[in-house]
Every structure is written in structure tokens, then in C-alpha cells.
Amino acid sequence: MTSEQYHGRLRRLSVRRLSAVLGAGVIAMAASLLAPQPAAAADTPWLDVSPDRYASFTVPAAYVQEHLGTVSQVVVEGNFGPSASWAEFGLTRRGDVWSGVLGALTPGLYRYQVTADDTKTIKDPTNSTSVASDPLLSTFLVAGESARWLADAPAGTGGTVGTLTYRVRAEQRSALVWTPPGYAAKKPKGYPTLFLESGDGVAASDWLDLGRTKQILDNLSAAGAMQPMVVVIADSADDRELKDLRKAVADHYRVLRDPAHQAIAGVADDAGRAVRAALAKPGQFGYVGWFSGTSAPTIDRRDATALHHLKLLRLYTGNVTDPAYNTTYRLTKALDRAGVRFEFDGVNPDGGGNWTTWQENLVDFVPRLFGHVSDHGPSPGHGRFTGEFTPPPAGTTPTPFVTEDGFVTFETTTDFADAQHVTVWANIAPGGSWLRVPLTRDDDRWRATVGPLKPWFYYYRLIVDRVPFKDVSNPTRVTTEPMWSTFLIPGPAARLLTDVPAGQGGTVETMTYASTVAGQDRTALVWTPPGYDPQRAQPYPVLYLQHGGGQNYTDWVEMGRAKQILDHQFLDGDLTPMVVVMGNGNSSNFNRELLENIVPTARSRYHVSSDPSQQALAGLSMGGGQAFGVLKAYPGQFAYVAAFSAGFGSGAGVDVAAINNGTRMLRLYVGDQTDFVYPSFMASLTTLDTLGIRYEFDGVTPGPHGWDVWQKNLIDLAPRLFKR
């Protein structure tokens with residue numbers, strides 16, 4: 001069961017029923033979540049970022065009620081998605097707060113706002129940061145080596161940002177101006193100038209609030225990585241406005257006016273204006289930067305003469321999620337045909353058309369200005385263009401449409417033409433947590449491209465005006481979650497989750513058994529290895545593999561990719577030939593269900609061992625709690641026991657000697673801080689240590705209470721069985 005499933009079901013269960021559904025291993029943790037939580041103090045921060053880059057959000061329900069009224073859902077919207085795209089992170093109501101943990105986040109600057117029921121948005125009042133162009137936004141910086149240029153420079157070492165007021169056509173305007181450390185207005189020699197322009201919908205102040213321009217310039221200056229210069233940050237400007245701005249800068253600052261000491265760069269629409277400015281007035285600028293330009297001027301061979309004076313024309317773009325991707329590709333082809341010299345920084349593989357990408361562009365561009373640079377190639381890790389990106393026409397292919405390099409285009413049918421807010425909820429956040437990616441209306445459908453996603457197994461559902469729907473264009477299905485669809489991003493890292501060649505894998509069969517506990521026939525799935533021989537001399541070892549709460553016997557095959565994992569590991573020679581039985585653990589008495597029904601039926605139908613040394617029991621979440629329960633009640637019955645994302649519970653009455661003597665391996669797994677059982681699991685380790693029970697724990701598996709973690713747990717566990 002995933003975290004979002006768990007909390008949704010938990011709200012509908014009474015504590016009385018939890019003992020049957022969750023098992024003793026997690027009942028204490030579940031009860032604590034159901035209990036009323038203390039209200040957060042008015043000045044308690046809503047956001048806490050841990051040193052290991054996890055963002056914990058805690059939003060007081062009373063504040064939401066007071067400012068937005070009664071709501072059914074609360075999300076944190078921010079640039080948390082792949083390629084720093086905008087996405088929604090759903091919070092869970094726990095007592096008096098809405099809360100959730102997201103991470104580990106990539107180092108960088110994040111912006112966010114709190115939104116309820118799709119349309120009601122508030123700013124985090126406990127975060128003092130602000131974005132002048134959007135008062136609802138707050139920001140936070142996740143520190144790390146890759147974000148070192150975004151950190152504040154030591155006090156007293158940075159430059160100064162001031163405001164320049166000037167007039168254009170009798171209208172008063174203003175620009176922001178960064179002057180370098182040690183700037184002197186009366187210095188005999190003037191400074192070169194870089195003009196940074198904002199695209200449509202981008203304010204000049206965004207260069208500071210979201211682009212971290214002051215920090216970048218301060219750090220580059222302190223590192224000696226740039227020439228001392230004056231940097232002018234202005235809103236979009238036409239030729240006349242730019243002319244007046246340049247004159248005002250020259251009148252108020254000690255700057256050099258010749259083109260060899262003038263540079264201009266812009267983002268989005270203003271990237272095109274920067275290039276047009278160089279074309280319209282040859283000799284104005286010696287350096288031009290194109291940051292994700294969304295509109296390009298027409299270029300022909302006459303422009304090669306107009307631009308021959310340029311010392312540098314450098315182009316930047318993000319990946320196919322950047323709206324500038326195709327435009328930039330076409331511009332490079334036009335410049336090549338016209339014979340115009342330019343440099344291309346390469347396709348940023350993990351950047352979209354946003355400030356995260358433009359920050360990197362600025363860090364690369366500024367050190368190239370007004371001095372000698374020996375490296376004219378792309379930034380490390382950036383790739384070549386392979387052509388324009390064009391998803392299939394709407395309605396022509398099943399969704400999602402997945403490219404070879406991991407970009408995924410989701411598209412709805414025409415059923416939601418009148419919807420107001422459509423998202424895809426998927427396990428695409430760090431570690432496999434869940435984000436909701438907003439789709440954009442495309443005629444009578446909704447569509448979005450996200451990525452790149454790492455090779456792995458993904459699952460998702462549509463949320464339309466807060467109501468979940470299945471993507472009916474995707475033929476995949478999940479028995480226990482009818483709204484879910486799945487897809488796989490292939491690649492070396494996901495090899496064990498892919499199908500083996502036809503005819504080479506094991507076999508999954510249905511095993512029906514009479515349940516004396518449930519009073520009816522029930523079903524299990526059984527994997528037998530390639531070459532399974534029911535007549536061989538030695539019976540096969542057997543692993544009983546259990547699912548979690550809200551799931552059933554189908555989930556390890558449909559969601560856990562157990563068949564693919566076992567097939568590959570067997571063919572790789574890593575797996576002891578064994579039989580794997582995936583039974584139905586939804587039982588009021590799992591110990592009886594397992595030992596009186598599932599195990600005897602498996603022994604009667606399959607050539608499996610009854611020797612405890614050849615039996616293993618493992619489970620996830622509820623199934624892990626059930627495995628602990630069997631271990632306590634019947635120590636030594638299963639020589640190999642494993643629990644994924646489950647707590648041991650109380651140690652009262654446990655026969656420690658019998659467990660240690662009868663268990664060859666007790667191996668434990670848990671997700672990271674985003675796994676909601678993490679606290680109870682860590683408490684279990686203390687309990688086990690105190691009791692003196694021997695166990696193995698190699699550390700957390702990065703990820704939440706979800707299949708990304710449990711698949712990796714099975715991959716680690718299966719080859720360890722029956723080898724001691």
C-alpha cells in the first residue's frame with residue numbers, strides 16, 4: 001500500500017478494525033496517526049529543510065480554514081517536478097495539520113505556494129522570503145555543491161544592487177543595477193556592462209528573487225571567475241526603450257560605451273530581442289546570450305555581415321520540456337546556413353524552460369564576457385540536438401507516449417473537455433514519491449510532457465477537478481487499484497523489471513485454496529522457476545511473499561514486478577531455484593491462514609520443502625507486520641524472514657533464544673524519511689537490540705512507502721535466500 005492510499009483508507013477505518021487490516025507490527029503507529037495531533041503554534045515554521053535535503057511541510061488546518069474556508073485537499077505547488085517543472089505535492093490531513101515530507105531534493109532554489117481545492121492559494125506566512133512579482137510565492141534554498149553559486153557570499157564580500165530611475169517617452173521607468181565589489185564611480189577606467197532582460201511574464205525583480213543573480217555574480221566575482229562589470233537588469237525593452245536605458249546607464253555609472261564592452265542577454269521572448277538588438281544596430285553589443293529564446297528573428301546571409309563584429313553569440317536551451325527547444329534548434333540551423341559564427345552550450349538534459357536552467361546559463365555566460373576564454377564548447381553533460389521534438393498528434397496513440405530518453409507525454413481523451421483542472425498523479429518525485437503534474441488544455445484534450453524520468457516502473461492516475469480517473473487510453477490495469485495505469489521506462493537500471501525473452505522465464509500459475517479462516521475459496525499466485533521439475537529428488541525451497549494492506553495476491557506481480565525480477569535473477573545465476581507463493585494476506589488471523597491453508601495447499605500442489613531451513617517468509621507493510629507475527633508465534637518455522645517497511649512491535653513474551661536459534665536470516669528494510677513507517681521502524685531496531693535478537697539492516701532504501709522501495713527490497717532479498 002502506498003502512502004497516499006494508506007492515509008485515505010486510514011481515515012475510513014476505526015482503530016478496532018486496524019488490528020485486522022494492518023497487523024500488530026504497525027498498529028501502534030497507525031493508532032498514533034489517528035489520534036488528534038497537537039495544533040501547531042502560530043509562529044511554527046510551515047517548512048523545515050533537513051541537512052540531508054528533505055523538505056517537511058506542516059500547514060495548520062486552522063489557518064487554512066480561517067483564510068480559505070472548508071477544503072477537501074491541500075497541496076504545496078512548486079518547482080518540484082522533473083526538470084524543475086511546476087508540480088503539486090499533496091499533503092495529508094493528520095489531526096490539526098496538513099503535512100508531508102518530500103525529498104531528497106536536488107540542491108537548488110525552490111519556490112512554492114500552498115493551494116487548496118485547486119484554486120484557493122495562500123502564501124506561507126512563516127517564510128520571510130518573497131517574490132516581488134508574485135506575492136503568494138515563498139522560496140527556500142537546498143544547499144549543495146551543485147548549487148554553490150546560489151548561496152549568499154560571505155558578508156561584506158559581495159557587490160551592491162541599486163535602482164536606476166530613467167525616462168522613456170516621458171514615462172518613468174526603473175532598472176536594477178549590480179555593481180561589483182570595489183566599484184568606484186570616479187574610477188579613471190570605466191567598467192564593461194551586461195544588460196539582462198526579462199521575457200514576457202517575467203519581471204526584472206525575478207532575476208534577483210528567482211534567478212539568484214546577485215548571489216551568482218557575488219560568488220563568481222569572489223572566485224575571480226568574471227571580469228568586474230556593471231550588470232543592468234531591466235524589463236522587456238524595444239529598440240527605443242533599450243536606447244534610453246543604455247543612455248541612462250552611461251549617464252549614471254562609470255561604464256565603457258564601445259561595443260567590445262557591451263553585452264546583452266535575455267530569457268524567453270527577450271532572448272530573441274537580444275539577438276534582434278544585435279542585428280538592428282550592428283556595433284551596439286559585442287556579446288549576446290540567448291537563454292531559452294521562444295521567438296527567433298529571421299536569419300539570412302546578409303545577417304552574417306551584420307553580426308561579424310560579435311565576439312560571442314552563445315545559445316542556451318533546456319531539454320524537450322523547454323518551450324524554447326524547437327525554436328533554438330531551428331535558430332542553430334538558420335545560423336549555420338547563414339554562416340554566422342555562434343556557440344551552443346548544448347541541450348541541458350535535466351533543465352526545462354525555468355529559472356533553474358537560466359541560473360546555470362548565467363553561471364556559464366558571465367565568465368565568457370570581456371576576456372579571453374579557451375573553452376568554447378558545451379557545458380559538461382550537455383548533449384547535441386537530435387532534431388525537433390514533436391509528440392504524436394492528439395488521439396493517435398495510446399498514452400503515455402514515451403521517448404527513448406525518458407520523456408513522457410500524457411494525454412487525456414476528450415471526456416474532460418469541460419474540466420477546469422487536470423493533473424497526472426504519479427510516482428515521479430525523488431525516490432518514487434508522488435507528485436501531481438498539471439496538464440494543459442489542448443483543444444478538447446489535456447496534455448503535458450514531463451521528464452526525463454529515470455529508467456524504472458511508474459504508475460499513475462488522472463485527477464480531474466479533484467476526482468480520480470483511470471487513463472482509459474492505457475491498456476494496463478491494476479486489480480486492487482482500478483484507477484491506476486502503469487508504464488516502464490527501459491534502461492540498464494530497470495533491466496530487472498523488464499520482461500525476459502519469451503519462453504525463457506518462469507511460470508506464474510493460479511493456486512486456489514480453501515480458507516478455513518475466511519470460510520471461502522481464495523487464490524494465490526505461484527511462480528515456479530524455468531525448468532521446474534515436480535519429480536526432482538530434492539523438493540524446492542519456498543518463499544511465501546506477502547502483500548500490504550489494501551492489496552491482495554495480485555499486487556506483487558502487477559505492481560511489484562516479482563515475475564520479471566525473479567526471472568532475470570534466475571537467468572543471471574543469482575537465484576537459488578525456488579518456488580514463490582504469493583497468497584492473500586487479508587485475513588483476521590494471518591497465522592492460521594498461512595499455516596493451515598496457504599502452506600499445506602502449496603505443499604500438496606507443488607514440489608516444495610517442509611524443512612524450516614528451506615522455507616522463507618517476507619512481506620511489505622502489513623505483510624511485513626504479519627511476517628513478524630509469525631516469527632514471534634512460531635520461531636524457527638521459517639529460517640529466512642524479511643520485513644519491508646514494517647515495525648516489529650512489542651517484544652513482550654518473545655522467545656529470543658528460539659528466534660535466534662531457528663532463524664538463519666532476519667533481514668529488515670525501510671524507505672527513507674518519506675516512508676511513514678520510518679519512525680516506528682527505527683524504534684523497532686532499538687527493541688530488537690534491547691531483546692538481543694540478531695538481524696540484518698544495511699540502511700534505508702531511498703524512497704517512500706511505495707513500490708519503488710519494495711521492488712528494490714525484493715531485488716536485494718531474493719538472491720540471499722537459501723544460501724546459508
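1. Two strands count as paired if DSSP finds at least two bridges between them. Helices (H or I, at least four residues) and strands (E, at least two) are DSSP runs, numbered from the N terminus. The model is predicted: local features need pLDDT of at least 70, side-chain atom pairs count only at pLDDT 80 or more, and totals for chains, interfaces and linings use all residues. Residues are numbered from 1 along each chain as its sequence is written, and side-chain values use heavy atoms, with hydrogens and water left out.

2. Start with the seven-stranded sheet. This sheet is open, with mixed pairing and the order β27-β28-β30-β29-β31-β32-β33. β27 (507-515) and β33 (665-669) are the edge strands; each has a single partner strand, so one side of each lacks a neighbour in the sheet. From one strand to the next, the twist averages 20 degrees. Axes are lines fitted to C-alpha atoms, for helices over the stretch in contact, and angles run from 0 to 180 degrees between N-to-C directions.

3. Five bridges pair strand β32 (residues 640-644) with β33 in the parallel sense. Opposite Y669 of β33 stands F644. Helix α18 (residues 707-717) packs on the sheet and touches β29 (542-546), β31 (615-620), β32 and β33. The direction of α18 makes about 155 degrees with that of β33. Contact here means heavy atoms within 4.5 Å.

4. T576 sits in the loop between α13 (562-571) and β30 (579-582). Is T576 buried or exposed? T576 is buried, at a relative accessible area of 17%. The cut-offs are under 20% for buried and over 50% for exposed, with partly exposed in between (1.4 Å probe, protein chains only). Neighbours within four places in sequence aside, T576 contacts P541, L721, F722 and K723. The T576 side chain reaches the backbone oxygen of L721 at 3.5 Å. A718 is 142 residues from T576 in sequence, yet their C-alpha atoms are 8.4 Å apart.

5. Helix α10 (residues 325-338) passes a length check. Its 14 residues should span 20 Å at 1.5 Å a residue, and the end C-alpha atoms are 20 Å apart, which agrees. The expected span is 1.5 Å times one less than the number of residues. Of the 14 residues, 10 are buried, so α10 is largely enclosed by the rest of the structure. Among them are Y325, Y329, L331 and L335. The buried residues of α10 pack against β15 (287-291), α9 (301-306), β16 (312-317) and β17 (343-347). Just after the helix, G339 has a positive phi of about 75 degrees.

6. Next, a helix pair. The axes of helix α14 (residues 590-605) and helix α15 (residues 622-633) come within 9 Å and cross at roughly 75 degrees. α14 and α15 are therefore roughly perpendicular. F590, N591 and L594 of α14 make the contact with Q626, G629, V630 and A633 of α15.

7. Last, strand β19 (residues 408-411). V408 and F410 point one way, T409 and E411 the other, and all are buried. Strand β18 (residues 401-402) runs antiparallel to β19, joined by two bridges. V402 stands opposite V408. β18 and β19 form a hairpin with five residues between them, and G406 in the turn takes a positive phi of about 90 degrees. β19 also pairs with strand β23 (residues 445-450), antiparallel and over four bridges. E411 has R447 of β23 as its bridge partner.

Definitions and conventions. Polar contact = N/O pair within 3.5 Å; in protein donor to acceptor, adjacent residues only side chain to side chain. Parallel < 35°, antiparallel > 145°, perpendicular 65-115°, else oblique.
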